[in-house]
Amino acid sequence: EIHVDLRDDDERAKIPGHEMVNKDHPQVIEIWNLVFIQFNRKADGTLESLPQKHVDTGMGFERLCMVLQGKKSNYDTDVFMPLIQAVSELSSVKYGENHQSDIAMRVIADHLRAISFSIADGQLPSNVKAGYVIRRILRRAVRYGYTFLNFREPFITKLVPILVQQMGEQFKELAAQKELIMKVINEEESAFLRTLANGISRLDQMMETAKNNGKKEIAGADAFELFDTYGFPFDLTELILSENGFTVDKEQFEKEMQQQKERSRNAAAKDTGDWIEVHSEENPTIFVGYDEMECDVKILRYRKVSEKNKTFYQLVLDKTPFYAESGGQIGDSGVLESAIGNRISIFNTKKENTLIVHLAESLPENPMAVFHAKINVEKRQATANNHTATHLLHLALRTVLGTHVEQKGSMVSPERLRFDFSHFQKLGDDELKQVETFVNQLIRKNSLLDEHRNMPIKEAEKMGAMALFGEKYGDHVRVVRYGESIEFCGGTHVHATGEIGQFHILTESAIAAGVRRIEALTAENAENYVNEKLALLDAVTEQFKGTKDVLHSVQKLNEENEQLKKEVAAFKKAQLTEVKKSWKEQIKNTNGINTIVLTTDLDAGSVKELAFQLKAEVENLFMMIGSQEESKATITILISDNLVKEKGLHAGNLVREWSKEINGGGGGQPFFATAGGKNPEGLKSVVQHAVDLITTF
């Protein structure tokens with residue numbers, strides 16, 4: 001038995017008879033990671049002693065393996081070594097010979113596990129919430145491989161089969177989702193490697209500009225641009241700069257980073273008060289919303305929340321008809337009414353762990369009173385229509401496309417439904433029509449709800465019920481059945497499919513490798529959508545009175561329009577040829593620089609096209625064109641590459657400065673840049689600035 005005391009050495013030495021723990025004792029493993037759980041920190045910062053105290057040792061599976069196998073690191077165990085050895089073989093870098101490459105291999109092995117298990121559990125990389133965490137973890141692994149192991153092509157995806165071989169038997173989802181995991185990782189890797197390539201190209205430009213200006217340091221703001229816009233890691237920026245004899249203003253970068261963090265922190269600021277108990281609670285809130293739309297309730301406790309300059313209250317009731325947001329279904333809204341007419345609006349209902357929390361705009365005058373809770377029945381019905389439709393859609397997709405289809409996410413609101421599913425190619429028009437028709441046929445069957453509450457999960461599985469994405473199930477589950485559609489589900493549903501009325505698919509799209517998304521409407525929303533389309537068709541038909549085949553008339557009109565576009569383009573091309581000839585005749589050679597400085601009424605697109613044509617035809621070219629369209633002004637600057645290098649000219653810097661004359665702004669690259677503004681009169685000054693600049697060389 002080992003007794004651990006984490007007080008300072010000086011304090012422990014004062015205790016009579018105290019024997020110091022030898023921190024190097026082989027059985028004292030990572031002892032400083034121990035966490036003592038003994039207080040609840042309240043909103044005002046005070047500490048409230050917990051009734052039961054314990055120690056979190058942090059002794060997880062990997063650390064136990066390390067102890068049992070007599071290793072010095074988690075990564076030296078057979079949990080990680082097969083993956084690390086595979087990375088070593090792929091990179092042709094031997095493990096154990098270089099500290100940095102060893103760290104890279106460990107990071108890749110560790111992150112691969114986190115990414116793969118997350119995808120198998122239904123979480124896909126994205127730019128928000130948990131999906132963003134997965135994306136950042138994956139990109140970190142790619143970056144380590146890129147920097148220290150010289151990987152330039154996707155490699156992490158090649159490690160997935162080894163992980164599946166290792167742990168697929170214990171985690172069936174890993175083996176079942178192997179193909180999806182590999183496709184998602186491969187797509188993310190490829191995208192980020194392109195990002196790295198773009199970032200390196202931009203960094204090369206920054207170094208070239210600094211070199212032309214006689215500098216060997218990159219501004220911290222530029223490094224932050226690489227990080228924020230391109231996702232380019234700062235330490236990789238430092239490494240590349242160092243290899244090329246450059247440095248970066250790290251202090252300025254950290255200042256920019258801190259400002260961004262403060263902006264994010266302010267946007268997400270949330271001040272949550274302590275719970276105030278109104279009635280004692282022995283049992284969790286009872287949900288009665290499957291059977292009742294309203295009931296009498298008592299407030300058990302409440303707290304005040306301030307978030308984004310908005311204040312509201314969270315209420316916990318003894319029982320509730322309000323469904324809390326979960327399983328893709330949004331939360332109910334409604335009201336609480338007291339006997340004396342006090343009416344409180346509930347604008348949403350959420351879950352915090354297992355707690356059902358009602359979000360109220362204000363607090364009742366007397367929280368001790370008994371209230372009558374009523375949900376918004378129309379919103380509940382519309383949501384139930386869409387939720388049941390997702391079940392029917394799931395069955396339709398598996399019937400039309402195949403049983404490989406599995407739900408990967410959903411969103412159910414009163415307005416529409418969104419359903420994400422595994423499938424590796426775009427659905428054709430015929431397939432979408434088959435799916436839509438299948439769902440509408442199931443609706444017309446008017447199958448009754450066959451609900452099984454609190455069913456043992458083993459019985460539910462024998463019944464053929466399908467588990468849904470993102471849901472964690474206990475020993476007992478709720479099963480919802482409509483004919484052949486049988487699924488685990490805690491959401492609210494229609495009593496019979498006929499209540500849904502009709503189902504209409506809006507869009508089908510890809511959201512990740514091997515994952516598609518369908519958005520659809522039901523009931524009144526679908527009816528309104530179809531009526532709008534019919535009204536539009538009637539309006540188009542009205543434009544072709546006397547025509548028997550409206551579609552043919554529209555197609556003929558499009559063909560005529562395309563022909564006219566070609567004729568206009570040909571005329572415009574001829575016009576631009578004449579303009580280019582005129583501009584060439586106006587070229588002035590000033591100090592060896594061929595200069596074109598003038599104003600025109602051509603559109604910005606035509607000016608850009610002519611500028612690049614002239615760049616290819618005229619050497620040592622400096623070109624500034626001021627163009628005016630109605631009340632808007634545009635500045636276009638093009639500079640030959642050799643002038644950028646030899647004279648230190650930078651079109652982007654010039655256009656940013658000169659755009660002040662037209663009350664606008666812009667930017668661009670050293671050789672080409674544009675700016676727009678609202679003061680065409682200022683173009684005269686811009687022309688003069690350009691002339692003055694050239695005469696100085």
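This is a predicted model: local features need pLDDT of at least 70, side-chain atom pairs count only at pLDDT 80 or more; totals for chains, interfaces and linings use all residues.
Visitor: Which residues does K580 touch?

Guide: Leaving aside residues up to four places away in sequence, K580 touches L610, Q613, L614 and E617. The C-alpha atoms of K580 and A611 are separated by 8.9 Å, and these two residues are 31 residues apart along the chain.

Visitor: What makes the phi of N353 worth a remark?

Guide: Most residues other than glycine have a negative phi. N353 is not a glycine, yet its phi is positive, at about 60°. N353 sits in the loop between β12 (343-352) and β13 (355-360).

Visitor: How do you know whether N353 is buried or exposed?

Guide: Exposed means over 50% relative accessible area. N353 has 77% relative accessibility, and therefore counts as exposed.

Visitor: What is the phi of N620, and where is N620 found?

Guide: The phi of N620 is near 50°, a positive value in a residue other than glycine. N620 is found in the loop between α17 (604-617) and β24 (621-629).

Visitor: Why is N620 called partly exposed?

Guide: Buried means under 20%, exposed over 50%, and partly exposed in between. The relative accessible area of N620 is 25%, so N620 is partly exposed.

Visitor: Why is α4 called roughly perpendicular to α6?

Guide: Angles of 65 to 115 degrees count as roughly perpendicular. Helix α4 (residues 99-120) and α6 pack at an angle of about 75°, with their axes 11 Å apart. That angle makes α4 roughly perpendicular to α6.

Visitor: Which residues make that contact, and how do they divide by class?

Guide: From α4 come L112, R113, S116 and F117, and from α6 come V160, L163 and M167. The contact of α4 with α6 has five nonpolar residues, one polar and one charged.

Visitor: At what angle do α6 and α8 pack, and what is the hand of the crossing?

Guide: Helix α6 (residues 160-167) and helix α8 (residues 178-212) pack at an angle of about 150°, with their axes 10 Å apart. Angles over 145 degrees count as roughly antiparallel, so the value of about 150° for α6 and α8 falls in that class. The crossing of α6 and α8 is right-handed. V160, P161 and V164 of α6 meet K178, I181, M182 and I185 of α8. By class, this contact of α6 with α8 has six nonpolar residues, no polar and one charged.

Visitor: What makes β15 and β20 edge strands?

Guide: Four strands form an open sheet in the order β15-β16-β21-β20, with antiparallel pairing. β15 (407-412) and β20 (503-512) each pair on one side only, and they are the edge strands. The twist averages 15° from one strand to the next.

Visitor: How do you know that β15 and β16 pair?

Guide: Two strands pair if there are at least two bridges between them. Five bridges join β15 to strand β16 (residues 417-422), so the two pair, and they run antiparallel. S410 stands opposite F419 in β16.

Visitor: Which helices pack on the sheet?

Guide: Helix α12 (residues 377-400) touches β15, β16, β20 and β21 (515-522), and its direction makes about 25° with that of β16. Helix α15 (residues 523-543) touches β20 and β21, and its direction makes about 90° with that of β21.

Notes
Residues are numbered from 1 along each chain as its sequence is written. Side-chain values use heavy atoms; hydrogens and water are left out. Axes are lines fitted to C-alpha atoms, for helices over the stretch in contact, and angles run from 0 to 180 degrees between N-to-C directions. A crossing is left-handed if the near helix is turned anticlockwise from the far one by less than a right angle, and right-handed if clockwise. Contact means heavy atoms within 4.5 Å. Ala, Val, Leu, Ile, Met, Phe, Trp, Tyr, Cys and Pro count as nonpolar, Asp, Glu, Lys and Arg as charged, and the others, Gly among them, as polar. Buried means under 20% relative accessible area, exposed over 50%, partly exposed in between (1.4 Å probe, protein chains only). Angles under 35 degrees count as roughly parallel, over 145 as roughly antiparallel, 65 to 115 as roughly perpendicular and the rest as oblique.
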